[in-house]
Amino acid sequence: GNGIVITNYTGSETTVTVPDTIQSMPVVEIGERAFEGNASLREINLPDTITKIGYRAFAGCASLKTMN
C-alpha cells in the first residue's frame with residue numbers, strides 16, 4: 001500500500017538504523033513483534049517516516065537503552 005513495514009529483524013547488531021526508504025518506498029511502520037526478544041539490540045534509530053510501532057515490537061529487548 002502506502003509504504004514498507006519492517007516485520008522481522010533477525011540480526012545481532014547492537015545498533016540498528018532503520019532506513020527511511022527501501023526500494024524507493026517510505027518505511028512507515030515497525031510491525032508487531034518485529035524486534036521481539038532481540039538480546040543484542042542496544043540502540044535503534046528510526047526515521048521520521050515511521051508513523052506506527054506495532055504491539056510488542058520491542059518486547060523482551062532487555063539491552064535496548066536508546067531509541068532515536
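For the charge positions described below, Lys and Arg count as positive and Asp and Glu as negative, while His and the chain ends are not counted.

Figure 1. The model shown is predicted. With charges assigned as above, the mean positions of the 5 positive and 7 negative charges of the protein chain lie 11 Å apart. The C-alpha atoms occupy a box of roughly 30 × 20 × 20 Å along the principal axes. The accessible surface of the protein chain amounts to about 4,300 Å², and carbon and sulfur atoms contribute 45% of this area. Of the 68 residues in the protein chain, 29% are buried.

**Figure 2. Secondary structure and chain packing.** The protein chain contains seven strands and zero helices. Along the sequence, the protein chain therefore reads as β-β-β-β-β-β-β. The radius of gyration is 11 Å, close to the 11 Å given by the globule rule for 68 residues, so the protein chain is as compact as a globular protein of that length. Among contacts with a separation of 6 or more, 44% link residues 24 or more positions apart.

**Figure 3. The open sheet E2-E5-E7.** Three strands, in the order E2-E5-E7, form an open sheet with parallel pairing. Strand E2 (15–17) and strand E7 (66–67) are the edge strands, each pairing on one side only. Strand E5 (residues 43–45) is joined to E7 by two bridges, and these strands run parallel. Within this pairing, Glu43 is placed opposite Thr66 of E7.

**Figure 4. The hairpin of E3 and E4.** Strand E3 (residues 21–22) and E4 run antiparallel and are joined by two bridges. Thr21 has Pro26 of E4 as its bridge partner. The two strands form a hairpin with two residues between them. In the turn, Gln23 adopts a positive phi of about 50 degrees.

**Figure 5. Parallel partners of strand E4.** Strand E1 (residues 4–6) runs parallel to strand E4 (residues 25–30), and three bridges join them. Strand E6 (residues 52–53) also runs parallel to E4, to which two bridges join it.

Note on methods
Residues numbered from 1 in each chain as written. Predicted model: local features only at pLDDT ≥ 70, side-chain atom pairs only at ≥ 80, totals over all residues. Heavy atoms only, no water. Pairing = 2+ DSSP bridges. Helix = DSSP H or I, 4+ residues; strand = E, 2+ residues; numbered from the N terminus. Rg over C-alpha atoms; globule rule 2.2 N^0.38 Å. Buried < 20%, exposed > 50% of the residue type's maximum accessible area, 1.4 Å probe, protein only. Contact = heavy atoms within 4.5 Å. Areas by Shrake-Rupley, 256 points an atom, 1.4 Å probe, with all protein chains shown as cover. Charge placed at Lys NZ, Arg CZ, Asp CG, Glu CD.
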